[in-house]
Amino acid sequence: MDSRGGFTSRIGFILAAAGSAVGLGNIWKFPYETGQNGGAAFLVIYLALTFLLCYPVMVGEIAIGRKAGLDAYGSYNKLGGKRWGYLGLYGIICGIMILSFYNVVAGWAFGYFLEISFSDLLEEQNYGVYFGRYVVDFWDNLIFSLCFMVITAFIVIKGVQKGIERASKIMMPTLFVILVALIIYSITLPNAMDGIRFYLLPDFSEITLETLYSAMGQAFFSLSLGMGALITYGSYVSKNQNVLKSAATITLLDISVAFLAGLLIFPLVFSQGQSPEQGPALVFVVLPGIFQTMGPVLGKIVGGGFFLLLCFAALTSTISLLEVPVAYFVDEKKIPRKISVWTLATLVFILGLPSMLSQGAVGAFSSLSFYQEKSTLDFVSEVFSDISLPLGGCLMTFFIATRWGTHKMSEELSQGNPNYKGSFYEGYINFTIRYICPVLLGIFSLLIIIDKFFGLEQLR
Ligand code: TRP
């Protein structure tokens with residue numbers, strides 16, 4: 001364990017895991033998913049799924065990692081035998097693919113930071129048009145996302161302790177503060193209340209099957225679940241930590257940031273007379289508008305600061321995504337950390353090129369004939385996160401239920417939490433992981449696959 005490094009403190013692990021959770025998923029994806037799926041009703045379902053299903057999944061993942069003390073593949077292999085090792089590999093592949101498109105979007109955020117701070121982005125008239133132009137600019141995208149990948153690689157080389165803990169400790173609280181300050185400003189704008197209504201007053205007649213599984217996918221993505229990221233981080237956690245408490249803190253932090261991001265975005269959407277259903281462009285179109293109203297100097301400072309923090313949030317997430325395959329190479333293949341990192345970073349970057357070029361730059365990538373004419377970025381994101389993460393969660397809970405055993409998980413969880421056995425929490429976690437998660441997540445995953453590839457309407 002020592003040679004692999006470990007988190008120095010409870011707060012170190014929490015910050016790193018929360019840093020992994022809080023990222024573009026909260027500030028970029030959550031608002032546009034909420035906007036596309038009916039607003040408040042989506043929020044309610046998302047919160048319910050997070051507490052009922054995702055929290056136990058998170059506890060289970062960390063427990064597996066801490067017990068085995070290895071990467072995702074090694075952990076399953078050690079606790080369940082070679083066949084289960086494939087589940088770890090599955091997660092590693094998902095991680096690589098998620099990072100490939102995530103890094104592209106992180107590159108957008110980085111570009112916006114630079115353009116606001118050092119160029120004249122805040123003098124634009126129409127940010128919808130601007131964004132459309134921005135994402136087809138090949139060289140800008142290439143360079144900014146390359147920068148992002150290189151920075152991620154450098155931090156991952158330094159290892160969990162030094163790289164990840166330190167970065168998270170400063171950025172997270174600052175992000176919180178700037179979000180709250182911007183919300184206070186944004187709700188004073190005209191028509192802001194329409195946004196609040198859209199976001200907080202649920203209309204359950206809007207709910208469709210798609211709302212349900214989009215919320216599921218979003219919850220898994222946002223909490224970094226279902227692909228072994230928390231198995232990997234869990235392997236660096238010391239035995240005297242209370243996993244249940246840590247997982248609760250991480251979940252709450254993650255939800256709060258997503259909730260605040262929505263509270264900021266929707267008043268802005270409505271006060272600017274925009275549509276909440278614009279998809280991935282949403283925050284990039286809406287946010288510059290608020291910075292523009294602050295005047296040239298303050299706008300540059302606050303806007304630049306905001307996008308810089310978004311980049312840091314994304315960075316603590318890309319670190320965790322890269323750490324999963326890196327840990328596998330280091331632990332299982334005994335390849336030195338440095339070589340593993342550079343090889344994987346290069347691979348991921350190349351895999352991300354089609355997504356990068358799929359926003360209109362190259363027609364063939366922008367509209368996939370076999371996938372409802374959606375972009376490659378949508379395709380990769382939907383297949384490897386919306387579909388694969390809940391499926392990964394289903395298989396992971398199935399692993400605990402049928403192979404490792406909830407009693408062994410309980411034993412692991414009572415380390416650092418002596419009163420765990422026999423408590424209400426134990427009953428709840430065990431019941432959910434044994435019965436609810438494998439079944440519900442299995443059904444969800446099946447429905448998403450059928451819907452995405454064949455279209456559910458045709459079955460009705
Ligand atoms: N949770 C991160 C976000 O919300 C993204 C992320 C980081 C992730 N690591 C992950 C998603 C592992 C799934 C699995 O931005």
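The model is a predicted one. Its secondary structure consists of 19 helices and zero strands. The points below begin with H18, turn to the chain as a whole, and then take up individual residues.

- Helix H18 spans residues 406-414, and its buried residues are Thr-406, Met-409, Ser-410, Glu-412, Leu-413 and Ser-414.
- Just after H18, Gly-416 adopts a positive phi of about 90°.

**The chain as a whole**

- With 19 helices and zero strands in the chain, the radius of gyration is 21 Å, close to the 23 Å that the globule rule gives for 460 residues, so the chain is as compact as a globular protein of that length.
- Taken along the principal axes, the box filled by the C-alpha atoms is roughly 60 × 50 × 45 Å.
- Of the 460 residues, 61% count as buried.
- Among contacts between residues at least 6 apart in sequence, 80% join residues that are at least 24 apart.

**Asn-103 in helix H5**

- Asn-103 belongs to helix H5, which covers residues 82-118.
- Asn-103 counts as buried because its relative accessibility is 2%, under the 20% cut-off.
- The side chain of Asn-103 reaches the backbone oxygen of Ser-145 at 3.0 Å.
- Apart from neighbours within four places in sequence, Asn-103 is in contact with Ser-145, Phe-148, Met-149 and Phe-349.
- Asn-103 and Leu-315 are separated by 212 residues in sequence, while their C-alpha atoms are 9.0 Å apart in space.

**Residues in loops**

- Asn-191 is not a glycine, although it has a positive phi of about 65°.
- The loop that holds Asn-191 runs between helix H8 (160-186) and helix H9 (192-200).
- Asn-191 has a relative accessibility of 48%, which lies between the 20% and 50% cut-offs, so this residue counts as partly exposed.
- Lys-334 likewise is not a glycine, and has a positive phi of about 55°.
- Lys-334 is found in the loop between helix H14 (296-332) and helix H15 (337-356).
- The relative accessible area of Lys-334 is 65%, over the 50% cut-off, so Lys-334 is exposed.
- Ser-235 lies in the loop between helix H11 (229-234) and H12.
- Ser-235 is buried because its relative accessible area is 1%, under the 20% cut-off.
- The side chain of Ser-235 reaches the backbone oxygen of Thr-232 at 2.6 Å.

**Gly-217 in helix H10**

- Gly-217 is part of helix H10, which covers residues 209-222.
- With a relative accessible area of 0%, Gly-217 is buried.
- Neighbours within four places in sequence aside, Gly-217 is in contact with Asp-386 and Pro-390.
- Gly-217 and Phe-138 are 79 residues apart along the chain, and 30 Å separates their C-alpha atoms.

- The relative accessible area of Leu-391 is 25%, between the 20% and 50% cut-offs, so Leu-391 is partly exposed.
- Not counting residues up to four places away in sequence, Leu-391 touches Tyr-90 and Ser-445.
- Leu-391 and Leu-89 are 302 residues apart in sequence, and the distance between their C-alpha atoms is 14 Å.

Definitions and conventions. Residues are numbered from 1 along each chain as its sequence is written. This is a predicted model: local features need pLDDT of at least 70, side-chain atom pairs count only at pLDDT 80 or more; totals for chains, interfaces and linings use all residues. Side-chain values use heavy atoms; hydrogens and water are left out. Helices (H or I, at least four residues) and strands (E, at least two) are DSSP runs, numbered from the N terminus. The radius of gyration is taken over C-alpha atoms; the globule rule is 2.2 Å times the number of residues to the power 0.38. Buried means under 20% relative accessible area, exposed over 50%, partly exposed in between (1.4 Å probe, protein chains only). Contact means heavy atoms within 4.5 Å. A polar contact is a pair of N or O atoms within 3.5 Å; within protein, one must be able to donate a hydrogen and the other to accept it, and residues adjacent in sequence count only if both atoms are side-chain atoms.
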